[in-house]
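Visitor: I have a structure open and would like to talk through how its parts pack. Could you take me through it?

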Amino acid sequence: MKMPCILPDGSITETAKKVLAVAMTEKSVEEIAKGSSLPLFRVRSSIRELIDAEFIAEKNGKYLTTEKGKEKI
């Protein structure tokens, strides 16, 4: 079952907002999960979707909210 972070109208879910907020500084998936109090599997699936939307970027195994992502939170 897929739980989208980005809704059809272009807005994002509370889960996506939590992930983007924690990733304002470079963080690993585990750090994002801990900082957002979300389960690791939810963070991983959210990050994949947020990368596709260019709201988060990956660099050397760490994730960082992009300018486009910051506009969403």
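Visitor: At what angle do H2 and H3 cross, and how close do their axes come?
Guide: This is a predicted model. In it, the axes of H2 and H3 cross at roughly 115 degrees and come within 9 Å.

Visitor: Is that crossing left-handed or right-handed?
Guide: The crossing of H2 and H3 is right-handed.

Visitor: Which residues meet there?
Guide: From H2, the residues are Val29, Glu30, Ile32, Ala33 and Ser36, and they meet Leu40, Val43, Arg44 and Ile47 of H3. By class, the contact of H2 with H3 divides into six nonpolar, one polar and two charged residues.

Visitor: And H1 against H2, what are the angle and the axis distance?
Guide: H1 and H2 pack at about 115 degrees, and their axes are 9 Å apart. H1 passes H2 in a right-handed crossing.

Visitor: Which side chains would I look at in that contact?
Guide: On the H1 side, Lys18, Val19 and Val22 meet Glu31, Ile32, Gly35 and Ser36 of H2. The residues of this contact comprise three nonpolar, two polar and two charged.

Visitor: Let us stay with Val19. Buried or exposed?
Guide: Val19 counts as buried because its relative accessibility is 0%. Val19 is placed in helix H1.

Visitor: What does Val19 touch beyond its sequence neighbours?
Guide: Leaving aside neighbours within four places in sequence, Val19 is in contact with Ile32, Leu38, Ser46, Ile47, Leu50 and Ile56. As a further distance, Val19 and Ser37 are 18 residues apart in sequence, with their C-alpha atoms 9.6 Å apart in space.

Visitor: How many residues are in the largest nonpolar core?
Guide: The largest nonpolar core has 18 residues, and those with the most contacts inside it are Val19, Ile32, Val43, Ile47, Leu50 and Ile56. Helix H1 (14–22), helix H2 (29–36) and H3 are the elements that give two or more residues to this core. H1 gives the most, with four residues. As general background, nonpolar side chains tend to be buried together in soluble globular proteins.

Visitor: Switching to the strands, how many bridges join E1 to E2?
Guide: Four bridges join E1 to E2, and the two strands run antiparallel. They form a hairpin with two residues between them.

Visitor: What is the phi of Asn60 in that turn?
Guide: Asn60 has a positive phi of about 55 degrees, although Asn60 is a residue other than glycine. Asn60 lies in the loop between E1 and strand E2 (62–65).

Visitor: Why is Asn60 classed as it is for exposure?
Guide: Asn60 is classed as exposed because its relative accessible area is 73%, and the cut-off for exposed is over 50%.

Visitor: What about the phi of Glu54?
Guide: Glu54 has a positive phi of about 65 degrees and is not a glycine. Glu54 sits in the loop between helix H3 (40–52) and strand E1 (56–59).

Visitor: Is Glu54 buried or exposed?
Guide: Glu54 is exposed, with a relative accessible area of 52%.

How values were computed:
Residues are numbered from 1 along each chain as its sequence is written. This is a predicted model: local features need pLDDT of at least 70, side-chain atom pairs count only at pLDDT 80 or more; totals for chains, interfaces and linings use all residues. Side-chain values use heavy atoms; hydrogens and water are left out. Buried means under 20% relative accessible area, exposed over 50%, partly exposed in between (1.4 Å probe, protein chains only). A nonpolar core is a set of buried Ala, Val, Leu, Ile, Met, Phe, Trp, Tyr and Cys residues joined through side-chain atoms within 4.5 Å. Two strands pair if DSSP finds at least two bridges between them. Contact means heavy atoms within 4.5 Å. Axes are lines fitted to C-alpha atoms, for helices over the stretch in contact, and angles run from 0 to 180 degrees between N-to-C directions. A crossing is left-handed if the near helix is turned anticlockwise from the far one by less than a right angle, and right-handed if clockwise. Ala, Val, Leu, Ile, Met, Phe, Trp, Tyr, Cys and Pro count as nonpolar, Asp, Glu, Lys and Arg as charged, and the others, Gly among them, as polar.
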